[in-house]
Amino acid sequence: MNTGQSLSMRYDPRELSDEELVQRAHVELFHVTRAYEELMRRYQRTLFNVCARYLGNERDADDVCQEVMLKVLYGLKNFEGKSKFKTWLYSITYNECITQYRKERRKRRLLDALSLDPLEEASEEKTPKAEERGGLDRWLVHVNPIDREILVLRFVAELEFQEIADIMHMGLSATKMRYKRALDRLREKYSGLGET
């Protein structure tokens, strides 16, 4: 159309910072998705890893990632930049993982109530894959969901403690304390298994 618009389209999204891409997305969306696509490309793998480690299986992780990407697409125009884009993204991810986790828990309780064997169904998807992968996944099953999320956001998403505290709506000292306790629990579990 006009020269200003065509000039604004001449940029390499890979060379821009997250903040610059967010500004571009404010102007471009929904007609042009270049800035949004670059933001998603940058975080897609980590986003999936965070979801998979939190939820314990790749199918649910993939579903949650799709949901997060849609929420980011539709929410990006309203993102005010009060926090880093990365923090905002993982806040959405955390909330979606919690929602999915609760859905799965309700489903398992329903199967229990119907006298089906939910452990058999759940173990097909969860346990073998988590155990086969080893490493962090193998140990995450030994901590509660909140501590698991703190560990995942710290090790997989590589967020600072303040960012984790903001995402989880917790105080900074409480976040650090839960992180330390979760690590201590894992160390105890690890040393106990190492001796046997």
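This tour goes through a predicted model stop by stop, saying what to select and what is found there.

Begin by selecting Tyr11, which lies in the loop between helix H1 (3-8) and H2. With a relative accessible area of 10%, Tyr11 is buried, since the cut-off for that word is under 20%. Now show the residues that Tyr11 touches, leaving out those up to four places away in sequence: they are Leu16, Arg24, Glu28, Arg34 and Ala35. The side chains of Tyr11 and Glu28 are joined by a polar contact of 2.5 Å, while Arg34 lies over the face of the Tyr11 ring, 4.4 Å from the ring centre. If you then turn to Ala35, you will find that Tyr11 and Ala35 are 24 residues apart in sequence, and that their C-alpha atoms are 9.8 Å apart in space.

**Second stop: helices H2 and H3**

Next select H2 (18-28) and H3 (34-55), and look at the loop between them, where Phe30 lies. The axes of the two helices, H2 and H3, come within 7 Å and cross at roughly 145 degrees, and the crossing of H2 past H3 is left-handed. To see where they meet, show Asp18, Leu21, Val22, Arg24, Ala25 and Glu28 on the H2 side, and Arg34, Ala35, Glu38, Leu39, Arg42 and Tyr43 on the H3 side.

Because Phe30 sits in the loop between H2 and H3 while Tyr74 belongs to helix H4 (residues 58-75), the pair ties together parts that are 44 residues apart in sequence. Phe30 is partly exposed, at a relative accessible area of 42%, whereas Tyr74 counts as exposed at 53%.

Then select Leu73, which is also found in helix H4 and is buried, with a relative accessible area of 14%. Apart from its neighbours within four places in sequence, Leu73 is in contact with Leu29, Phe30 and Tyr36.

A search of the whole structure finds 9 aromatic pairs, and ring pairs link Tyr43, Phe79, Phe85, Trp88 and Tyr90 into a cluster. Within that group, select Phe79 and Phe85, whose ring centres are 6.3 Å apart and whose planes stand at 80 degrees, so the pair is edge-to-face. Both of these residues count as buried, Phe79 at 8% relative accessibility and Phe85 at 2%.

**Last stop: helix H10**

Finally, select helix H10 (residues 161-168), in which 6 of the 8 residues are buried, so that the helix is largely enclosed by the rest of the structure. The buried residues are Phe161, Glu163, Ile164, Ala165, Ile167 and Met168. At Phe161, bring Arg154 into view, because the charged end of Arg154 sits over the ring of Phe161, 4.1 Å from its centre. The tour ends at His169, which follows H10 and has a positive phi, near 55 degrees.

Methods
Residues numbered from 1 in each chain as written. Predicted model: local features only at pLDDT ≥ 70, side-chain atom pairs only at ≥ 80, totals over all residues. Heavy atoms only, no water. Phe/Tyr/Trp six-rings, centres within 6.5 Å; stacked < 30°, edge-to-face > 60°. Helix = DSSP H or I, 4+ residues; strand = E, 2+ residues; numbered from the N terminus. Buried < 20%, exposed > 50% of the residue type's maximum accessible area, 1.4 Å probe, protein only. Lys NZ or Arg CZ within 6 Å of the ring centre and 35° of its normal. Contact = heavy atoms within 4.5 Å. Polar contact = N/O pair within 3.5 Å; in protein donor to acceptor, adjacent residues only side chain to side chain. Axes fitted to C-alpha atoms, helices over the stretch in contact; angles between N-to-C directions. Left-handed = near helix turned anticlockwise from the far one by under 90°.
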